[in-house]
Amino acid sequence: MEPAIQINPGATKWDIRQKVWDYIEENNLANFPRPVHNRIPNFKGAIQACNRLTDLQEFKSSKTVKVNPDRPQQQARFLTLEAGKTLLVPTPRLRTGLFNNITPPEGASKEQLRICSSSQGVKDFSVPVGLDSKVKVDLVVVGSVAVSEKGLRIGKGEGFADLEYGMMVSMGAVNESTVVVTIVHDCQVMDLPEELIESHDLTVDYILTPTRVIETKCQTPKPQGIIWTKLDPEKLEKIPVLKKLRELEEECGKDVTLGVAPEGTEPGLHTGQTKRPPRRRPRRNIQQDDEGESKQEKIGDSDQKPRQRPPRVRKEGRGDGGGENDREFNKRGRGGRRGDNMREKDQEEGASEVPTQRRLPLSVTTVYLGGIPAGLRVSELKTALREREAIPLRLTWQGAQHRAFLDYSDPQAAEVALESLQDLSLNGHSLQAELAKSQRGGKRAGQSNRRERPPMAPENTTDPPEAENDTNEKAEQE
């Protein structure tokens, strides 16, 4: 299979990472969180790729599985718990230790297991595993930015997967026979130069993508432990568990001499490569348009402030539950107040729109919720949003188009809501939650966020122009 991304001769690891991140963004191949730069990309099709894990004999026979904490491997964590195996998840950035043993409540339902496999569940249902524990890991699942069919792997540049594996070697938790699996999008599989791979770099035995399973038969050995000369004192201070491991190895008479960080650089954890600063986007003034997504206007470098505009009148889409509005959220939701200026007209059957007016912040962030099943009532969705503590400032219900738009006060509130809405299932259907299209990043230069509004007509009203694109973005089926 011809790689989608070609590597130029002489490319560095950071060149390759940047090329992969740019390609995924430009081709809209990622889900939340975005942009994917400096992350393990949460690619579209991650659930299907993770589901291939259950086809591996090595997974079927394993008892203890270590899975990285990133979003694209969440389904792998769920499958491990569902199979009744011990799930170990590294502490994010190794801040408080090495592993957490995820322990669901006794008799946990499928929905509870999904919660346990989420980032919040990792925090709420975990028991720390110390360096002195006698844990034996049978299978390791890691994320990657790029990987080759020969098993060579490049991570996001901070070296945590390599460090975690090296620490497991030092603990005796893994050995040469331990199988390592990575889960990526097909475009992340490419020909990597072998000269870029160093002794501390973790290699993989299997690559799982949405379309295939690749057994690499990798000939490059995996790390044999922590290579202390690749670390400097500053990094050691930031990772207490690593500091403790060094003390233990020093007591055993091992050479734990540290390296020196080059001046004027910001090296990765133990790669010795200079890390590029993340790309910064121009500041934007975000205003809500009439169809449920946001209009973003670039703010120039001058001191001129953006012109303030009055709140817009929001048009509710016709369809299932079209006559129900979000007055209830105004009373109970975050940021909602009694007495907000709002008008509501009773809607007779066949009426096309309900005009409402609400004073909202000038800058809001909108979440798109797709895959809404036919027959679902807006009140049922509101109940689910309350249960997950994802109550928006305003909800725009477009049941006939199987979607809704949720407005939040700022990007942080929207990100929290997106986190809690992952794996939301109603009436047996999985819903798709992501940022509204105009806020997902990766827009082409000169492309406007504003949509043309369809002509008003008392009957036979047509869907707004963006309906085709939004409804065609299918939720991933589990």
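This is a predicted model: local features need pLDDT of at least 70, side-chain atom pairs count only at pLDDT 80 or more; totals for chains, interfaces and linings use all residues.
Local features need pLDDT of at least 70, side-chain atom pairs count only at pLDDT 80 or more, and totals for chains, interfaces and linings use all residues. Residues are numbered from 1 along each chain as its sequence is written, and side-chain values use heavy atoms, with hydrogens and water left out.

Me: Within what arc do the buried residues of α11 fall, seen down its axis?
Reply: Helices are DSSP runs of H or I, at least four residues, and strands are runs of E, at least two, numbered from the N terminus. Buried means under 20% relative accessible area, exposed over 50%, partly exposed in between (1.4 Å probe, protein chains only). In α11 (residues 378-387) the buried ones are Val-378, Leu-381, Lys-382, Ala-384 and Leu-385. They line one face of the helix, because the directions from the helix axis to their C-beta atoms fall within an arc of 160°.

Me: Which residue caps the N-terminal end of α12?
Reply: Helix α12 spans residues 411-421. The backbone nitrogen of Gln-412 lies 3.1 Å from a side-chain oxygen. That oxygen belongs to Asp-410.

Me: Is Gln-219 buried or exposed?
Reply: Gln-219 sits in the loop between β10 (213-215) and α8 (233-238). Its side chain reaches the backbone oxygen of Lys-217 at 3.0 Å. With a relative accessible area of 73%, Gln-219 is exposed.

Note on methods
A polar contact is a pair of N or O atoms within 3.5 Å; within protein, one must be able to donate a hydrogen and the other to accept it, and residues adjacent in sequence count only if both atoms are side-chain atoms.
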